[in-house]
Amino acid sequence: MPMVIAIDGPAASGKGTLAKRLADHYGLPHLDTGLLYRAVALTLIDAGAALDDEAAASRAAASLIADRLADPRLRERAMGEAASRISGIPAVRAALLAWQQRFAGTPDGAVLDGRDIGTVICPDARVKLFITASAEERARRRHRELTGRGEAVSLAAILADIQARDARDASRSAAPLKAAADAVVLDTTELDADEAFAAARAVVDRARTQ
Ligand SMILES: Nc1ncnc2c1ncn2[C@@H]1O[C@H](COP(=O)(O)OP(=O)(O)OP(=O)(O)O)[C@@H](O)[C@H]1O
Ligand SMILES: Nc1ccn([C@@H]2O[C@H](COP(=O)(O)O)[C@@H](O)[C@H]2O)c(=O)n1
């Protein structure tokens, strides 16, 4: 039976880091689904289209190609906010659904991380994790990451970004950010990356023996 691991959580909670480590450990492919939304937003920005242009956003989502996911600009701070704005458009989500489900259908399984993996994309995943941490701790982690990459930004600005993005993602009507009823919630506020990985691995290993 394929091992699909669905990982959701708010911004900068560490779900991507964890997803990558779990994928390497279990030899599964990994998809960071946030990149799909970031790539749609970047396509609009590059075309000079408005982020609330629903028709243009839907076309960009429907014609998205994998090459776009390698663009380093997708990792920039502003792109998270832009992605969040277009991600509430139902037609965008519908256009990206098949792509994600195809990826999850890889014969041995896969690890996907995002906001709606356990609730919408892979409701039958063998393992569902919802990774969270306090907003202040998440902001500290993201601040360290961005300043380490040379982006000049204050901790307060990052905290405000994260809070606004989470509020928008959780309150939209199309596939909002939330833990699936059968997800294991892992609060990593007091855990370093190795401790979070060990806790997540214990959940996966338990599921593999059932
Ligand atoms: N448990 C942890 N303790 C300390 N730092 C961590 C931990 N987990 C991840 N990090 C660091 O926190 C930052 C955010 O992690 P990551 O990018 O994995 O979050 P994310 O949830 O995927 O973010 P986003 O939703 O914005 O894509 C990274 O710099 C990562 O190295
Ligand atoms: N499954 C998903 C994944 C992401 N989003 C939206 O994209 C934004 C950026 O995501 P990151 O994980 O790269 O930070 C995020 O804020 C969501 O609005 C989504 O809706 N569903």
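**View 1. Composition of the shell around ligand 1 in the predicted model.** In this predicted model, the shell around ligand 1 comprises 8 charged, 5 nonpolar and 4 polar residues. Of the 17 residues around the ligand, those that come nearest are Lys15, Gly16, Thr17, Arg142 and Glu145.

**View 2. Polar contacts of ligand 1.** An N or O atom in the side chain of arginine 142 lies 2.8 Å from an oxygen atom of ligand 1. The backbone also takes part: an N or O backbone atom of alanine 12 is 3.1 Å from an oxygen atom of the ligand, and a polar backbone atom of alanine 193 is 3.4 Å from a nitrogen atom of ligand 1. On its own, ligand 1 has 630 Å² of accessible area, of which the protein covers 79%. Helix 1 (15–26) and helix 7 (135–148) are the elements that give two or more residues to the shell around ligand 1.

**View 3. Salt bridge between arginine 73 and aspartate 46.** The closest N and O atoms of arginine 73 and aspartate 46 are 3.0 Å apart, and the two residues form a salt bridge. This pair links distant parts of the chain, its members being 27 residues apart: aspartate 46 belongs to helix 2 (residues 34–47), whereas arginine 73 is in the loop between helix 3 (54–62) and helix 4 (77–86). Arginine 73 counts as partly exposed because its relative accessibility is 32%. Aspartate 46, with a relative accessible area of 42%, is partly exposed.

**View 4. Salt bridge between arginine 149 and glutamate 145.** Glutamate 145, one of the residues that come nearest to ligand 1, forms a salt bridge with arginine 149, with the closest N and O atoms 3.2 Å apart. The relative accessible area of glutamate 145 is 35%, so this residue is partly exposed. Arginine 149 also counts as partly exposed, at 44% relative accessibility.

View 5. Aspartate 205 and arginine 208 meet through their side chains in a salt bridge, at 3.9 Å from N to O. These two residues are separated by about one helical turn because they are 3 residues apart in helix 9 (residues 193–208). Aspartate 205 counts as partly exposed at 34% relative accessibility, and arginine 208 counts as partly exposed at 45%. Elsewhere, Asp46, Arg68, Asp71 and Arg73 are joined into one network by salt bridges that share partners. The structure holds 17 salt bridges.

Note on methods:
Residues numbered from 1 in each chain as written. Chains lettered and ligands numbered in written order. Predicted model: local features only at pLDDT ≥ 70, side-chain atom pairs only at ≥ 80, totals over all residues. Heavy atoms only, no water. Near = heavy atom within 4 Å. Polar contact = N/O pair within 3.5 Å; in protein donor to acceptor, adjacent residues only side chain to side chain. Areas by Shrake-Rupley, 256 points an atom, 1.4 Å probe, with all protein chains shown as cover. Helix = DSSP H or I, 4+ residues; strand = E, 2+ residues; numbered from the N terminus. Nonpolar A, V, L, I, M, F, W, Y, C, P; charged D, E, K, R; others polar. Salt bridge = Lys/Arg side-chain N within 4 Å of Asp/Glu carboxyl O. Buried < 20%, exposed > 50% of the residue type's maximum accessible area, 1.4 Å probe, protein only.
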